[in-house]
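Look at the chain as you read this short report.

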Amino acid sequence: MIEMVVALCLFLNDTMIEYSHKESLSDCLETKRKIERNNDSGNSHVKCEVVKAKVYVDQHGIKRIQEIQKH
């Protein structure tokens, strides 16, 4: 199903290479702060974004992003 969800997006050289669903913007920002404290690479960064994505629920009941439609 297609939904608007909060995603933590990892960019390398301004290209999105990974994303993860977050339940709320505050959860996303908390994770982003932890990553930024431990990240020493100058060519990668993370962003919290509301995206239109194809999502599914895995066998453990956790919502996952299958594909981002628009960001």
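The S-S bond of cysteine 28 and cysteine 48 has a torsion of about -105 degrees, so this disulfide is left-handed. The two sulfur atoms sit 2.2 Å from each other. A pair of cysteine sulfur atoms counts as a disulfide within 2.5 Å. Distant parts of the chain are linked by the pair: cysteine 28 lies in helix H1 (residues 25-38), cysteine 48 lies in strand E3 (residues 44-57), and they are 20 residues apart. Helices (H or I, at least four residues) and strands (E, at least two) are DSSP runs, numbered from the N terminus.

The model is predicted: local features need pLDDT of at least 70, side-chain atom pairs count only at pLDDT 80 or more, and totals for chains, interfaces and linings use all residues. Residues are numbered from 1 along each chain as its sequence is written, and side-chain values use heavy atoms, with hydrogens and water left out.

The table gives relative accessible areas. Buried means under 20%, exposed over 50%, and partly exposed in between (1.4 Å probe, protein chains only).

| Residue | Relative accessible area | Class |
|---|---|---|
| Cysteine 9 | 0% | buried |
| Cysteine 28 | 0% | buried |
| Glutamine 69 | 40% | partly exposed |

Glutamine 69 belongs to strand E4 (residues 63-70). Which residues does glutamine 69 touch, leaving aside those up to four places away in sequence? They are Ile2, Lys52, Ala53 and Lys54. A contact means heavy atoms within 4.5 Å. Aspartate 14 is 55 residues from glutamine 69 in sequence, and 18 Å from it in space, C-alpha to C-alpha.

Now the whole fold. The protein chain has one helix and four strands. Their order from the N terminus is β-β-α-β-β. The radius of gyration of the chain, taken over C-alpha atoms, is 12 Å, close to the 11 Å of the globule rule for 71 residues, so the chain is as compact as a globular protein of that length. That rule is 2.2 Å times the number of residues to the power 0.38. Along its principal axes, the C-alpha trace spans about 35 × 20 × 20 Å. Of the 71 residues, 25% count as buried. Among contacts between residues at least 6 apart in sequence, 50% join residues at least 24 apart.
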